[in-house]
Amino acid sequence: MKKITAITMSLALMLSFSAVGVLAFGGNTVGKNKTVTVVVIKAEWCSACQKVDPIMQDLMKEYGSKINFVMLDVTNDETTAQAAAKAKSLGLTKFFEANKKMTSTVGVFKSGKQTFVTSKNYSKSDYVSAFNKALS
């Protein structure tokens, strides 16, 4: 059941990365989750996010169920509040608070520890390198 839900959520995200709201895949919290989690802080009005979007879509297809992708949408007050609640539930409050005004920020976490963070980075190879390092 959990695997089916993750697959369904992955497909939904691939179809609509720019959807309003917060989407999350995988375990209950980043800290308790033994897998790799990628967190993206985004907003619909952010031109840098629009450039990062196709890169993340490709990477979500490539990495599939190997990585949990979490989108924290700060488009407006409502989505920011939802993102803050999702960040809290995942143990990402410090990361979110430190980066919520820096849209297009991507953080990689392994077993609750941040292993990579970047902003306005349009280099797919940088993400591939960070993801592979976290997965190893």
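Predicted model: local features only at pLDDT ≥ 70, side-chain atom pairs only at ≥ 80, totals over all residues.
Residues are numbered from 1 along each chain as its sequence is written, and side-chain values use heavy atoms, with hydrogens and water left out. Local features need pLDDT of at least 70 and side-chain atom pairs count only at pLDDT 80 or more, whereas totals for chains, interfaces and linings use all residues.

A nonpolar core is taken here as a set of buried Ala, Val, Leu, Ile, Met, Phe, Trp, Tyr and Cys residues joined through side-chain atoms within 4.5 Å, where buried means under 20% relative accessible area, with a 1.4 Å probe and protein chains only. The largest such core holds 18 residues, of which Val38, Met56, Phe69, Tyr127 and Phe131 touch the most other members. Two or more residues each come from strand S2 (36-42), helix H2 (47-63), strand S3 (67-73), strand S4 (105-110) and helix H5 (124-135), these elements being DSSP runs numbered from the N terminus (helices H or I, at least four residues; strands E, at least two). The most is given by H2, with 6 residues. Apart from this core lies another, of 16 residues, including Cys46, Val74, Ala87 and Phe96.

Strand S3 is largely enclosed by the rest of the structure, because 7 of its 7 residues are buried. In a regular strand, side chains alternate between the two faces of the sheet. Both faces of S3 are covered, with Ile67, Phe69, Met71 and Asp73 buried on one side and Asn68, Val70 and Leu72 buried on the other. S3 pairs with S2 in the parallel sense over 7 bridges (pairing requires at least two DSSP bridges), and valine 36 stands opposite isoleucine 67.

The whole structure contains 5 aromatic pairs, defined by ring centres of Phe, Tyr and Trp (its six-membered ring) within 6.5 Å, with planes under 30 degrees apart counted as stacked, over 60 as edge-to-face and the rest as tilted. Phenylalanine 69 and phenylalanine 131 form an edge-to-face pair, at 6.1 Å centre to centre and 70° between the planes; this pair links distant parts of the chain, S3 and H5, 62 residues apart. Phenylalanine 69 counts as buried at 1% relative accessibility, and phenylalanine 131 is buried at 0%. Tyrosine 127 and phenylalanine 131 form a tilted pair, 6.3 Å centre to centre with 50° between the planes. Tyr63, Phe69, Phe116, Tyr127 and Phe131 form one aromatic cluster.

How values were computed: Buried < 20%, exposed > 50% of the residue type's maximum accessible area, 1.4 Å probe, protein only.
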